[in-house]
Amino acid sequence: KLCAALGIVETVRAEELSIEEWIELTRLVSSAPTFMESDAQDIHAEMFDVVDENDTAIGRASRNDVHEQGFRHRAVHIFVFNAAGELFLQKRSRWKDKHPQRWDSSAAGHVNADQEYDDTARREIAEELGVEANPVEIGRVSASEKTGWEFLRLYRAEHEGPFRLHPAEIESGGWFTLKQVEEWTTARPHDFAPGFLECFRAFQADSQELTRVGAVGIDLQ
């Protein structure tokens, strides 16, 4: 019955099954909801502040309504660097409702209703990477179609790992030099979540401005 449901022959060997077939097989033999399904229920129950063009709260709505209606809302992205200056990137889980299996910031997430950006940044590092860190805000990106109508605040944090990646959120991850990320995003931008691309562009622009200021010797004080 299981083979018929999966559309496979009964003589199939284990190594011949695809990841998707293994997932479906697990669903068929388990009567209890998986952690992915439980997380999905929690996600759909989330409430976000709906904001105007100035990032001022004007109401609240569920995660589903915010995404379906294109309401402006808030999110954070965190770039985690190690001592070598490498940036940790995560590959989003296939279970994500937005941009599954795209590469993304080290950690990222929505700001829930009545919560603040800074608190959310610390929470996302703990939830997604399983570590404690002190993120510092380094940039802001205004809400637009490219960001999914999210006002983004970009944070930087320092950590050497190892990380305990949340299996429902992250499929894998790795350390990359900034040069590697620059070349990769230029050659294959479709490999990345749009929000990350906007944050990385803002990060590059700020870095270039700081380099320019240092070169001409402008006194920022």
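Trainee: What makes up the secondary structure of the protein chain?
Mentor: The protein chain has seven helices and nine strands. The model is a predicted one.

Trainee: How do you know what confidence the predictor has in the protein chain?
Mentor: The mean pLDDT of the protein chain is 88, and 87% of its residues reach 70 or more. Residues 31-35 are another matter: pLDDT stays under 50 there, and the model gives this stretch four contacts beyond four places in sequence.

Trainee: Why is Thr-147 called buried?
Mentor: Buried means under 20% relative accessible area. Thr-147 has 6%, so Thr-147 is buried. Thr-147 sits in the loop between β7 (136-141) and β8 (150-158).

Trainee: What does Thr-147 touch beyond four places in sequence?
Mentor: Thr-147 is in contact with Val-141, Ser-142, Leu-152 and Glu-198.

Trainee: What makes the approach of the Thr-147 side chain to Glu-150 a polar contact?
Mentor: The limit for a pair of N or O atoms is 3.5 Å, and one must be able to donate a hydrogen and the other to accept it. The side chain of Thr-147 reaches the backbone oxygen of Glu-150 at 2.8 Å, so the pair is within that limit.

Trainee: Is Glu-169 buried or exposed, and how do you know?
Mentor: The cut-off for buried is under 20%. Glu-169 has 18% relative accessibility and therefore counts as buried. Glu-169 is in the loop between β8 and β9 (170-176). Beyond four places in sequence, Glu-169 touches Gln-90, Arg-92, Ser-93, Lys-96 and Glu-128.

Trainee: Why is Arg-122 called partly exposed?
Mentor: Partly exposed covers what lies between the buried limit of 20% and the exposed limit of 50%. Arg-122 has 38% relative accessibility, so Arg-122 counts as partly exposed. Arg-122 belongs to helix α5 (residues 117-129). Leaving aside neighbours within four places in sequence, Arg-122 is in contact with Ala-133 and Pro-135. Arg-122 and Val-136 are 14 residues apart in sequence and 9.7 Å apart from C-alpha to C-alpha.

Trainee: Why is the pair of Asp-49 and Arg-74 called a salt bridge?
Mentor: The side-chain nitrogen must be within 4 Å of the carboxyl oxygen. For Asp-49 and Arg-74 the closest N and O atoms are 3.7 Å apart, so the pair qualifies. The pair links distant parts of the chain, with Asp-49 in strand β1 (residues 47-51) and Arg-74 in strand β3 (residues 73-81), 25 residues apart.

Trainee: What other salt bridge involves Arg-74?
Mentor: The side chains of Asp-55 and Arg-74 meet in a salt bridge at 2.8 Å, N to O. That pair also links distant parts of the chain: Asp-55 is in the loop between β1 and β2 (57-62), 19 residues from Arg-74 in strand β3.

Trainee: How do you know whether Asp-55 and Arg-74 are buried or exposed?
Mentor: Asp-55 has a relative accessible area of 15%, so Asp-55 is buried. Arg-74 has 13% and is therefore buried. Asp-49 is buried as well.

Trainee: What about the salt bridge between Glu-137 and Arg-153?
Mentor: The closest N and O atoms of Glu-137 and Arg-153 are 3.7 Å apart. The pair links distant parts of the chain, Glu-137 in strand β7 and Arg-153 in strand β8, 16 residues apart. Glu-137 has a relative accessible area of 29%, so Glu-137 is partly exposed, whereas Arg-153, at 18%, counts as buried.

Trainee: How many salt bridges does the structure hold?
Mentor: The structure holds 18 salt bridges.

Notes: Residues are numbered from 1 along each chain as its sequence is written. This is a predicted model: local features need pLDDT of at least 70, side-chain atom pairs count only at pLDDT 80 or more; totals for chains, interfaces and linings use all residues. Side-chain values use heavy atoms; hydrogens and water are left out. pLDDT is the predictor's confidence in each residue, from 0 to 100. Contact means heavy atoms within 4.5 Å. Helices (H or I, at least four residues) and strands (E, at least two) are DSSP runs, numbered from the N terminus. Buried means under 20% relative accessible area, exposed over 50%, partly exposed in between (1.4 Å probe, protein chains only).
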